Amino acid sequence: MSFVEILKVLVFGLVEGFTEWLPVSSTGHMILVNDIIKLRQPAEYYEVFQVVIQLGAILAVVTTFFRQLWPFETRRKGGIGLAPAKVELWIKIIIACLPAAVLGLLLDDFLDTYLYNGFVVALTLIIYGVAFIVIEKRNEYTTFSVRRVSELDLKTALWIGCFQCLALIPGTSRSGATIIGAMLLGVSRTAAAEFSFYLSVPVMFGASLLKLLKRGAGFNTVQWFYMILGMLIAYLVSVYCISFLMRYIRKHSFTIFGYYRIVLGIIVLLWFAVSRA
């Protein structure tokens, strides 16, 4: 076990926790960080590591929104039963997750082989950065027709799920794609962000499970320790970031994140151009 490797894992956990829930692309940041401070581990290990530490971020959503997501309730006459409103919410979540789940399974190897590179990340960072700025400008005086997640209908949930498919391209940001899509469909910033968090639970858990089943065997004790440590750090930071974002967007737009994405995209382009020269 290496102290330097532990410090690197801490950095990866911090980056994952800070960027997973902000619409700035955690995958893009992780690719950049890995190019700067590579873990001294096989490439196969890192593929699993970067997805598995997302489980910590998922747990942050589960604990933060537990009351909203827990589908059971205590009945007045005693006993526990399903809460109709929560069941309806989970139906919307599952429907919205289907498009990305199907495409993700079909294109997993293709995406890993051809799209996980600095140029694609930089391009998508910039494109969606511009999209955030344009959409927020358009919405400056817009009255959203859907202000709460409970007001979403099944059709809108499915369309948001279709927008989520865009996040299969690294650098897009899963939360960014779903938030942009939801806002285009007339969903308020707060409801769009909250529903995006809900969608992350089955989507990211499924992606992590898929990676573990495909490449998770054969890791040693130290490697598992690194993954668990990364998950823990990602969880703690994610709890803060989710709370911060929900407070922030009640009074502010996503425009600042759009400018951040554009600047970061340019930095990524310059970094990879110089490092590959």
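Entry on the model. I am working with a predicted model, in which local features need pLDDT of at least 70 and side-chain atom pairs count only at pLDDT 80 or more, while totals for chains, interfaces and linings use all residues. Residues are numbered from 1 along each chain as its sequence is written, and side-chain values use heavy atoms, with hydrogens and water left out.

Entry on confidence. I noted an average pLDDT of 88 for the protein, with 98% of the residues scoring at least 70 (pLDDT is the predictor's confidence in each residue, from 0 to 100). The mean is lowest in strand 1 (residues 72-74), at 81, and highest in helix 8 (residues 154-164), at 94; helices (H or I, at least four residues) and strands (E, at least two) are DSSP runs numbered from the N terminus.

Entry on cysteines. I searched the whole structure for disulfides and found zero, a disulfide being a pair of cysteine sulfur atoms within 2.5 Å. For Cys 97 the nearest cysteine sulfur is that of Cys 165, 10 Å away. Cys 165 is likewise in no disulfide, and its nearest cysteine sulfur, that of Cys 162, is 5.8 Å away; Cys 165 is buried, at 15% relative accessible area.

Entry on Val 102. I located Val 102 in helix 6 (residues 84-114), where I recorded this residue as partly exposed, with a relative accessible area of 48%.

Key
Buried means under 20% relative accessible area, exposed over 50%, partly exposed in between (1.4 Å probe, protein chains only).
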